[in-house]
Amino acid sequence: MTAIPMEHGLLLAAVLFMLGLIGLLVRRNIIFMLLSIEVMLNAAGLAFVVAGARWAQAEGQIMFMFILAMAAAEVAVGLALVLLMYRKFKTLDSDQVSRMRG
Amino acid sequence: MLSLLWLVPAIPYFSFAILAVFGKRMPKSVSGLLGVGSVGISAVISVLIGIQFISSPPEGDLFLQRLWTWIGVGNFQPEIAFHLDALSLLMMLVVTIVGFLIHLYSWEFMEDDEGFSRFFAYMNLFVGSMLTLVLANNLVLLYLGWEGVGLCSYLLIGFWYKDSYNGAAARKAFITTRVGDTAMAIGLFLLFWNLGSLDIQEVMSSASMQWGTGSGIALAVALLLLGGAVGKSAQLPLQVWLPDAMAGPSPVSALIHAATMVTAGVYLIARTHVIFDLAPIAQAAVAIVGAATLLIAGFSALKQHDIKRVLAYSTISQIGYMFLALGVGAYSAAMFHFMTHAFFKALLFLGAGALIMCLHHEHNMFKMGGMRKQLPLTFWTFLIGSGALAAVPLITAGFYSKDLILWRAWTSDSGSPILWLAGIVGAFITAVYTFRMVFVTFFGESKMQADRKPGVRISVPLVALAILALIGGFIEMPHTLGHFAPFSKFMHSVLPEVHAGQYSISAELLFQIIAVVITLSGILIAYIFYYRKPELSANVAKSGIGTVLGRFFYSGWGFDWLYYTFLVGPFVWIARVNKKDIIDFIYTIIAMICQIFNFIFRQTQTGRVRSYAAGIAFGAIVIIAIVMFT
């Protein structure tokens, strides 16, 4: 089995990250924005894993475990907020919820 | 016994603290007993210390009691420490003894006043501060006492604060003396900057070693210290506050504005005489200030009709004599006059206070008249005080001290005939205005009816001070009277002897005869003009030049007008013009710039999550770009 070159892995991570970022910026539905964040988090995780494989170190995969745990916590809190937001404003459009305007 | 020294200032402070906190809830008898008793105990301790100090002098004629280090910053280590030598012992005795008599007098004088315990709290604070001032071993502690007495002076002049005139007088006194105090503070900074210490003994010894005679720095320091002394002692050109300070109760005038606080300037110069010896110009300035002040104030006293204002101008004039003596290097003569002046001027103020109290708070002496029969005790004690003030020969203390100053004004190496002439003219005027006051107040027809007689607590201080005003001079007899001079001998352990050539006894006798003739002729003129033929003085006052001069003297040579026109007026004008405050404009601009930026950056706060996310992404790109391409 030939090793996948690191550049490919990193390129994939970058593409995933950009997709996530673009999704975050263009979507107005808050649930899709959360999904995009998940994509970006996974892109970052992939970059860690690739780097770990390149130097044959376990830290890359350990970092990914951390990221997973964090993402799970973030989704729990995020979805709770989304629920509250929906109850209060009867909408999922994040642009509608701009009462924090300075 | 000497180790009890710290108690002397501590007891009045302690009593002040109690009176300040619990005074309102105390019955008057308790607060009176506390206020008078604390100063009384201080006086007893001072006398015991004095007896021990004189009978078995400590090593080097000096006792130093270190309590603790007050401030410790690098090599700046002022201590709370008391320094007892002949000079501070004299000051301490006068402050506590005269202070005690005046407190006793106030007990009755202020009995019906609603602020009775407040009055004694302030008075005790004053005595404590004054003792701190005279006993301090370093100039910082001295300055603390100096400001403390200034504060008490302010509080007590404005004691009857419900009348806004009294408040204005108190502010005037405080602000005018502040001018001098600032000069003095700068002088102290200069001293510390140059010599690295403010301990009086250290400063004096290192100043005489490091600075040459006539050096610029000695001159600067001496002039700045003189500025402080001039402010506190109401000398030219800062004398304007003292006549107005008479707004306070009479015991306050006696204690603060005659006997003790106003002589703090004399004490300061005597204490730092080494610096003045190094600066002959500053010393000459002291003498000239003294001579000019004694004449100006003497002439002003001639035309006053408020009995307390006469005494106020006379105080300024007598302190002028002390400055004259300091200026010609006759330090012990100045301290001698300080002591006798404390006795007789306190007596005069207390006598005037008794008159005012018995005559329904009437201050105008031309409305009194004939009080000799109605208030005999007040009359006799007041007469003794006036005699001492006018320097009636042989029997009064004032004669010996003033004669010594006049003699030194001519014979001292730094003296001159002009200074003597000023002094002798001043002596003549003093006799005239003093006996004008006596004749107008106590002789002639009674124009008012005294509604009460002074009680025991007023009479005892009057009699005691009258005795002191008579016998106080016998501890320093001139050569013509056997030269019995334990006072100056005692003082010379601290203060240098006057530098003077040898003069024969007959020359001294001649000077004394001149002084006696001048004094007696002054009294005679007052007798003719204000008792025998009052129409004469009325005619003089009505004539053209008489009116002009009279108004001029009445206003104290127009100094108030001068200061009002050239200082107060422009200041008020600037304040009015600059109501919007030009300096404040700068800060307004700074505030406006902040507001503009606030407006700009507020636009970025859209409240939209997506625009924030875009901002973060953009920022991250920029930072990565910076990291990669630089």
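Guide: Contact means heavy atoms within 4.5 Å. By that rule, 14 residues of chain A are in contact with 10 residues of chain B. This is a predicted model, in which local features need pLDDT of at least 70 and side-chain atom pairs count only at pLDDT 80 or more, while totals for chains, interfaces and linings use all residues. Residues are numbered from 1 along each chain as its sequence is written, chains are lettered from A and ligands numbered from 1 in the order in which they are written, and side-chain values use heavy atoms, with hydrogens and water left out.

Chains B and A bury about 990 Å² between them, 58% of it from carbon and sulfur atoms (the accessible area, 1.4 Å probe, that two parts lose on being put together, summed over both). Of the area that chain B buries against chain A, 49% is supplied by Gly607(B), Arg608(B) and Arg610(B), more than by any other three residues.

One salt bridge is found across the interface of chain B and chain A (a side-chain nitrogen of Lys or Arg within 4 Å of a carboxyl oxygen of Asp or Glu). Arg610(B) and Asp95(A) meet in a salt bridge through their side chains, at 2.5 Å from N to O. On the side of chain B that touches chain A, helix H27 (residues 609-629) of chain B gives the largest share, five residues; helices are DSSP runs of H or I, at least four residues, and strands runs of E, at least two, numbered from the N terminus.

Now the rings. Over all chains there are 33 aromatic pairs (Phe, Tyr or Trp rings, the six-membered one for Trp, with centres within 6.5 Å; planes under 30 degrees apart are stacked, over 60 edge-to-face, the rest tilted). Phe382(B) and Phe442(B) are one of the tilted pairs, because their ring centres are 5.3 Å apart and their planes stand at 50 degrees. The two are 60 residues apart, Phe382(B) in helix H17 (residues 376-390) and Phe442(B) in helix H19 (residues 417-442), both of chain B, so the pair links distant parts of the chain. Phe382(B) is buried at a relative accessible area of 0%, and Phe442(B) is buried at 1% (buried is under 20%, exposed over 50%, partly exposed in between; 1.4 Å probe, protein chains only).

Tyr527(B) is partly exposed at 27%, as is Tyr531(B) at 31%.
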